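Take a look at the structure below.

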Amino acid sequence: MSILKQGEFVGSLDCGTTSVRFIIFDQYANIVSQHQSEFPQYYPNPGWHEHDPEEIQEISEQCITQACVKLEEAGWAKESVKVIGITNQRETTVAWSRTTGKPLCKAIVWTDSRTKNTVAHFEHLLATTGIEVEPGQFKTGEEGVEALRDITGLKLSTYFSGIKLRWMVDNYSKVQKAHQEDDLLFGTIESWVVYNFTGGVHGGIHVGEVTNASRTLLLNLHKLAWDERLLAFFGFRQSILPKLVSSSEVYGHLSHGPLKGVPIGGLIGDQQGALVGNKCLRQGEAKCTYGTGAFLLFCTGKDIVNSSHGLLSTVAYQPGPGAAPVYALEGSIGVAGSAIKWLRDSMGFIKSASEINTLATSVPDSGGVFFVTAFSGLLAPYWDPGAAGLLIGLSSYTTPAHIARATMEATAFQTRAVLESMKLDSRAKLEHLKVDGGMTNGDVCMEILANIGGFDVVRPDMKESTALGSALLAGSAIRLFGWDISKPATLAEVNTQGSRTFKPHMPEEDREKGFTTWLRAVERSKGWDEGVYE
């Protein structure tokens, strides 16, 4: 039996919306070993999307185990992994018992739109009673909306965790009882897996990282602290909330598995993770990740920039405990790669996701078909939870190929809409867009994006930027390889692989005509299923 080599590596657990992967990187961001597995999706009712938190934990542990097996098969000892980071789907909401450590219900996924009536209830409350901004001083109506946005950087929406948790408390007797009896623990996915990896009910830590917390509607964006005014508005006990932690510090150590004893040193929401992984650490740098949805983040540095055009203010990362946070503007698109999955799984147009490229290129254009992929309402920059999916422009000429092309164009049109808002808010025109995520593997999709957007699309050869982001934060926490996330120069040798640029070739007149027609289609999709105040 050969002796295994000892090295220095950093691991990253990427808990996405449809799969989990564990990737082991070296100091240059080369992948030494990895393993990925999908987990079940549950759609019990129209607009509902659920996960089983225990299945996510189980798959996460399997991915770490299998990646370690592959690492040793490659000749490296598993002890070479010195620290791990975790990145995760962000707003997905988990409620579990303090006493048993078990989930009280399935997790409500970020794409889920069942909470439209809950949103309507709090919109009514904001309009009438208002939100307390100072002791005894309430702001109502539009002033209330602005006050909420000033505190949180967010809008009232089905998208955010606080709304999902409120629905759980109101509709699941187990969650309601646990809240009343102070047995409820709330967290997003990073909070849940860290709790379990550090021992669960037997001493597991209950922490929440700030980029994830900034997606709850419960965090004061300025102070990076849970806000009592928000807890009072939404009706939650403070004791259910996790302890807030930065994006880069040692939170605890793995209590079991092949990496038992290894520190967990980095936590970050997946979209912010991709920003860090792409090394967009300075003001004015931007990226867009195309996965289940699409998320464009524009780094604003130490300043919180309030959008007047439908974008969100959010935490980009906090480089360590007590460190000044870095902020970002975000444009969130709810449906991107999931529309391709819909063509495959629900419509049967294709047998694999990659087949959409062949199908879409079999026609020169979409034949006048436009697809507003509002499967769970529309997020940025429209923020209409009542919007419905809309295929318009259909005729007897239309084929599955036209619909496939319209599906790819939909993501490009939505990206352009977000970038138009970003341009108005930042007063800067983006000359190129750095992209990553599963959808970017197809050249056709990138060519369509460049043509409809009218800008250069830059696709790095190293595409695992989300996982790399949490790895960089974890390595920085223990100064592995000399990394320091607050000093970008220390990351100069990381992820230096090349990239490919896709340039626009569509005539400007055609580009503007297409975008104008898309905006007409969006207007027709709006308000189909309005929330009802109860």
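Two strands pair if DSSP finds at least two bridges between them. Keep that in mind for the sheets. The model is predicted.

I84 has its bridge partner, I264, in β16.

## The seven-stranded sheet

Another open sheet has 7 strands. Their order is β19-β20-β18-β17-β23-β24-β25, again with mixed pairing. Here the edge strands are β19 (312-317) and β25 (499-502), and each pairs on one side only. Neighbouring strands are turned by 30° against each other on average, direction ignored.

Strands β23 (residues 432-436) and β24 (residues 456-460) pair in the parallel sense, over 3 bridges. K434 stands opposite V458 in β24. Helix α12 packs on this sheet. It touches β17 (286-290), β18 (294-301), β20 (326-333) and β23. The direction of α12 makes about 145° with that of β20.

## A hairpin

Strands of a sheet pair through backbone hydrogen bonds, either parallel or antiparallel. Which sense do β8 and β9 use? Strand β8 (residues 131-134) and strand β9 (residues 137-139) pair in the antiparallel sense over 3 bridges. In β9, K139 is the bridge partner of I131. The two strands form a hairpin with 2 residues between them. In the turn, G136 has a positive phi of about 80°.

## Two crossing helices

Two packed helices are described by the angle between their axes and the distance between the axes. Helix α12 (residues 400-426) packs with helix α15 (residues 508-525) at an angle of about 90°. Their axes are 11 Å apart. Angles of 65 to 115 degrees count as roughly perpendicular, so α12 and α15 are roughly perpendicular to each other.

On the α12 side, the contact is made by A410, F413, Q414, R416, A417 and E420. On the α15 side, it is made by R511, E512, G514, F515 and W518. These contact residues divide into 5 nonpolar, 2 polar and 4 charged.

## Pockets and cavities

Rolling a probe the size of a water molecule over the atoms shows where empty space is left. The second largest pocket has a volume of about 440 Å³. It is lined by 25 residues, and E123, V145, K155, L156 and W383 lie nearest its centre. Helices α2 (116-128) and α3 (141-152) each give two or more residues to this lining. By class, the lining has 12 nonpolar, 5 polar and 8 charged residues.

How many cavities of 30 Å³ or more does a search of the whole structure find? It finds 2. The largest cavity has a volume of about 60 Å³. Its lining includes F186, E190, N212 and W226. That lining has 4 nonpolar, 6 polar and 2 charged residues. The second largest cavity has a volume of about 30 Å³. Y290, M408, T411, A412, C445, M446 and L449 line it. Two or more of these residues come from each of α12 and α13 (443-453). By class, 6 are nonpolar, 1 is polar and none is charged.

Methods
Residues are numbered from 1 along each chain as its sequence is written. This is a predicted model: local features need pLDDT of at least 70, side-chain atom pairs count only at pLDDT 80 or more; totals for chains, interfaces and linings use all residues. Side-chain values use heavy atoms; hydrogens and water are left out. Helices (H or I, at least four residues) and strands (E, at least two) are DSSP runs, numbered from the N terminus. On a 1 Å grid over the protein atoms alone, a cavity is a set of points where a 1.4 Å probe fits but cannot get out, and a pocket is an open set with protein on both sides within 12 Å along at least five of seven lines; lining residues have an atom within 4 Å of a point. Grid points are joined across faces, edges and corners, and a volume is the space filled by probe spheres set on the points. Ala, Val, Leu, Ile, Met, Phe, Trp, Tyr, Cys and Pro count as nonpolar, Asp, Glu, Lys and Arg as charged, and the others, Gly among them, as polar. Axes are lines fitted to C-alpha atoms, for helices over the stretch in contact, and angles run from 0 to 180 degrees between N-to-C directions. Angles under 35 degrees count as roughly parallel, over 145 as roughly antiparallel, 65 to 115 as roughly perpendicular and the rest as oblique. Contact means heavy atoms within 4.5 Å.
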